[in-house]
Every structure is written in C-alpha cells, then in structure tokens.
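Dear colleague,

I am handing over the structure we spoke about, with the sequence alongside. Please open it first and then read the notes below with it in view.

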Amino acid sequence: MPKAKRTPTFKNFIGGQWVAPTTRRYVENRNPADTNDLIGRFPDSGPRDVAEAVTSAQRGFERWSRTPAPERGDVLRIVGDIMSQRKEEIARAMTREMGKVLTETRGDVQEGIDTAYYAASECRRLFGYTVPSELRQKWAMSYRRPIGIAGLITPFNFPMAIPTWKMFPALACGNAVVIKPAHDVPHSVHLLVEALLEAGLPPEVIQLVHGSGSAAGRALVEHPGVPVISFTGSTATGSVIGETCGRMHKRLSLEMGGKNAMIVMDDADLDLALEGVLWGAFGTTGQRCTATSRLLLHRKIHDRFLARLVDAAQKLRLGNGLDERTDVGPLIHEAARDKTDQYVSIARDQGAEVVCGGRKGSGARLADGWFYRPTIVAGVRPHHRIALEEVFGPVLSVIKIGNYEEAVRINNRVDFGLSSSLYTRRVDLAFRAMEDLANGITYINAPTIGAEAHLPFGGVKQTGNGHREGGWEVYHFYSETKVAYVDFSGTLQRAQIDNYDE
Ligand code: UN1
C-alpha cells in the first residue's frame with residue numbers, strides 16, 4: 001500500500017463545524033494488517049468536547065424534531081444514495097482501519113445503505129394507533145414523539161453497519177445525535193458524517209466526538225442532557241453503563257456479548273454445514289457478536305466432519321483484507337491477539353486439544369499485523385471456559401453431542417443468548433429448535449451470522465437488556481409514545497365513572 005506523504009489530522013464535528021478537540025490530544029489510527037501504515041491522527045476528546053456537542057445538539061434537536069418526518073426521510077434516502085455511490089471507497093477505508101476483507105466491508109456498507117432506505121421509508125410510516133374512546137364524542141389516539149439527544153457508542157467490528165443501525169432510526173424519529181465511535185475505527189464514522197452533511201442534514205443535528213470509552217464515552221453516558229444511550233460492546237462495559245443509566249433514569253439499549261453455537265445433526269447436509277461453519281467462525285476473524293464460536297457435532301458425524309473442517313481451516317489464507325487472495329484478516333490490535341492466545345492456552349490447560357492453528361500468523365508478509373491462525377479446539381467439554389466465555393477471535397470450540405436434547409442443553413447453558421444455528425434435514429427438529437434454543441436469533445441450515453437490516457437484531461440473557469436494533473422495533477426505542485384524548489362533547493365526561501353511572 002502506498003504510504004501517505006503527510007499524515008492527515010482529523011477533527012470532531014461539533015457545533016456545525018469540524019473542530020479540534022479542546023484537549024489538544026490526538027491518537028494514531030494504524031492499519032491492523034500493517035502497523036507501519038498510519039491512517040491518521042484522531043482526536044482524543046474529553047468531557048468538555050462532549051459538553052459542547054450536547055449544547056449544539058440541543059439546538060439541532062429544536063429544529064430537527066419540528067421537521068416533518070417524511071422530510072427527515074428524504075435526507076436519509078439521499079444518505080443511502082451517497083453511500084451507494086461511494087460504497088467501494090468507504091469499504092476500502094474500512095478494511096484499512098479495521099482489517100476485515102473487502103467483501104465483508106462492502107457488506108458492512110451495504111448494511112448501512114439498507115438501513116438508510118429502510119429508515120427513509122419508515123419516516124412515512126411512524127404509525128400510532130387510533131382506538132375508540134369509552135366515552136361518546138371523544139377520540140383517543142397514540143403517536144410517537146422525538147425524545148431529545150441520543151448518545152451512541154459503537155464498536156470496531158462493524159464500523160459502518162452498527163453506527164447506522166443506531167443513528168438512522170434515531171434521526172428518523174426526530175432526535176439529534178452525538179456519536180462516539182470506537183477509537184480503533186474513527187475514519188469510517190468520519191466518512192459517514194460527511195455523507196450525512198452532504199445529504200443535507202442540518203449540521204447541529206449530528207455531532208461526532210472521537211475518543212476513548214473511558215473519557216469521551218463515559219462523559220456522554222454521564223451527561224444529564226442526553227436522555228437516550230445506545231451501546232454495543234462488551235458485557236463488562238455495558239454493566240457499568242447500565243448502572244449509570246439506571247441511576248440517571250436514562251433510556252438504554254445494550255447489545256453485548258455472544259457465545260453462539262452451531263449444531264450439526266447426523267442427518268445434516270455436511271457440505272453445507274462445512275461452508276457455514278467456516279464462514280460463521282472465521283469471517284471477520286471471529287470478531288462478531290454473532291460469530292460461531294461453538295460447534296456442537298453429533299457423535300455419528302463428529303470425526304469425519306472435524307477432519308474435513310480442520311483440512312479446510314488450514315487452507316484459509318491470512319493477509320491484508322485489501323488483497324483479494326485473503327480469506328481472513330488480522331485482529332483489531334495486539335491486546336485482542338493476546339486475549340485470543342490466552343484463551344487457547346486456557347483451553348489446553350483444561351484438557352482440550354488444539355487441532356488447528358493456536359498460534360500467531362508467521363512469515364514476513366504477516367510480521368507487521370495482528371494476525372492469528374484460524375484455530376479449532378476439539379474435545380471441549382461444556383464447562384470449559386473456552387465453551388462459556390466470549391473470545392472475539394478466530395477460535396472455534398468443538399463439542400461432541402449424543403442427541404438433539406443434549407445440544408439444546410449445551411446451547412442454553414451459557415450466559416449469553418444472541419444467535420444459534422441448527423443444521424438438519426428434519427423439519428420437526430427445525431421447528432423444535434426455533435422454540436427450544438434460548439437466543440434472540442436462530443438460523444436453520446445457515447450459520448450464526450447474517451442478520452438483515454430490516455429485522456430486529458438482539459439477544460436474550462446477558463447479550464442485551466431487552467431492546468432490539470434494526471427492523472421496526474428500534475423505532476419504538478428512539479421515540480416516546482404520546483397519547484392524546486380529544487373530547488368534543490362540550491361537557492365534562494369522567495372516564496370510568498360517567499359511563500358506568502347507574
Ligand atoms: C455484530 O456481530 O456485532 O449478522 C453485528 C451479522 C451482521 C451483524 C453483526 N449482519 O453477523
């Protein structure tokens with residue numbers, strides 16, 4: 001990759017303009033596939049920057065919340081158009097800062113485009129209800145109102161899709177937004193904000209504050225002027241945010257960890273399951289909340305499926321995601337690679353067998369990136385830590401199962417509940433699984449990843465706090481239900497009393 005001559009310095013977007021952080025501090029953003037490649041210097045903002053963003057967003061909210069929803073939708077539709085035109089350019093920038101292969105970052109941008117068009121159409125469909133009143137000459141109805149400022153904190157693994165999942169519905173509902181993207185992928189959201197401004201979003205409706213979770217993120221969560229918080233990230237951070245939001249009575253949506261299992265029964269199409277597990281486990285280098293991280297293999301097909309899987313996983317090529325020969329990109333940073341390696345050691349210590357990978361990428365081509373070989377750990381027991389805790393790396397734990405009921409028990413024993421998958425040709429099992437598996441999303445004959453933008457996304461147990469992103473449900477999260485009664489009888493009509501008076 002050609003090196004930039006001068007390293008660009010990026011700014012926050014606050015108060016309708018691109019501004020330097022008041023802290024005057026910056027952090028370097030480097031390519032995880034080649035740490036010699038410096039993308040830019042990005043603000044390391046603090047509470048003062050967040051406070052200025054909130055003050056500006058309050059002005060933005062005054063205007064945007066009064067803009068008719070279909071007009072807001074027009075802006076979002078144009079954002080979708082701009083993102084479509086720039087899909088390739090944005091995807092390349094994303095691969096450069098995040099590492100995953102270009103086909104995946106293209107998909108990530110597409111998920112943002114889909115979300116934009118869905119949000120645009122939803123702006124003409126923010127339905128309320130009109131219901132009969134119990135009294136004569138009286139109407140009763142509910143409708144949706146904007147809330148205020150939405151504070152959005154987004155992760156590194158989907159640098160475009162996840163910010164758009166949160167931002168577009170929030171904007172569609174008439175809120176102003178302050179977004180703090182993950183500090184590993186600031187460039188992607190910078191490009192997104194540029195697209196929003198070009199599309200005609202009034203400047204003070206959007207504020208972009210770069211920085212760390214512990215400074216800028218925390219200040220956003222703790223700011224009393226931000227009534228809505230949406231966070232995607234680790235369960236540990238989500239708990240801290242939850243405590244603050246609980247204390248401050250904020251509306252909060254959390255999307256956190258996963259420990260997703262794919263179950264392969266003895267009657268399954270094994271070719272299909274093989275393709276599915278390779279994609280589910282090693283796509284995005286395993287850095288998805290939805291990654292397939294446990295493979296529950298029926299004992300009758302266990303040995304032969306595992307042999308084929310190991311053979312195929314060994315052939316996956318590590319490399320720079322911009323190189324089209326690459327199957328699997330790097331991890332996001334050194335700490336992520338160390339954590340992955342530690343989990344592999346823990347699995348070994350607990351008696352599981354590393355049958356593939358289990359080490360860093362080697363050779364000159366991979367020397368300057370955070371590469372880790374696609375790893376398969378066999379002989380995992382359901383109580384092993386590798387079977388219970390989220391790794392967020394390219395590590396697949398294989399557990400042998402005797403029957404469907406055992407698979408369900410193992411699937412359901414973890415603290416998380418995002419996605420699950422069952423490969424079978426039996427229609428009865430498929431429908432039983434849709435009831436039995438304790439997850440927000442269950443796939444039949446498809447891996448645990450692949451959620452679509454127009455369906456609700458989220459999980460049960462410690463994966464979330466009951467809300468969903470995407471689809472129609474998220475529009476309830478970003479709007480306040482208001483009820484109005486109109487009494488045109490010209491008399492005082494007392495509900496529950498006058499109509500039952502004897
Ligand atoms: C995530 O893993 O954080 O279903 C989001 C999928 C993607 C979204 C994943 N569409 O894998």
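What follows goes through the domains and then the ligand site.

Please keep in mind throughout that this is a predicted model. The domain assignment divides the protein chain into domain 1 (20–256 + 464–483) and domain 2 (260–444), and the contact between them takes 22 residues from domain 1 and 24 residues from domain 2. The C-alpha centres of domain 1 and domain 2 are 31 Å apart.

The ligand sits in the second largest pocket, and the shell around the ligand draws at least three residues from each of domain 1 and domain 2. Around the ligand are Glu111, Asn157, Phe158, Ile162, Trp165, Arg288, Cys289, Thr290, Ile449, Gly450, Ala451 and Phe457; sorted by class, this shell has seven nonpolar, three polar and two charged residues.

Taken on its own, the ligand has 320 Å² of accessible area, of which the protein covers 98%.

How values were computed
Residues are numbered from 1 along each chain as its sequence is written. This is a predicted model: local features need pLDDT of at least 70, side-chain atom pairs count only at pLDDT 80 or more; totals for chains, interfaces and linings use all residues. Side-chain values use heavy atoms; hydrogens and water are left out. A residue is near a molecule or strand if one of its heavy atoms lies within 4 Å of it. Accessible areas come from the Shrake-Rupley method with a 1.4 Å probe; for residues, only the protein chains shown count as cover. On a 1 Å grid over the protein atoms alone, a cavity is a set of points where a 1.4 Å probe fits but cannot get out, and a pocket is an open set with protein on both sides within 12 Å along at least five of seven lines; lining residues have an atom within 4 Å of a point. A molecule sits in a cavity or pocket if more than half of its atoms lie within 2 Å of its grid points. Ala, Val, Leu, Ile, Met, Phe, Trp, Tyr, Cys and Pro count as nonpolar, Asp, Glu, Lys and Arg as charged, and the others, Gly among them, as polar. Domain bounds come from an automatic or database domain assignment. Contact means heavy atoms within 4.5 Å.
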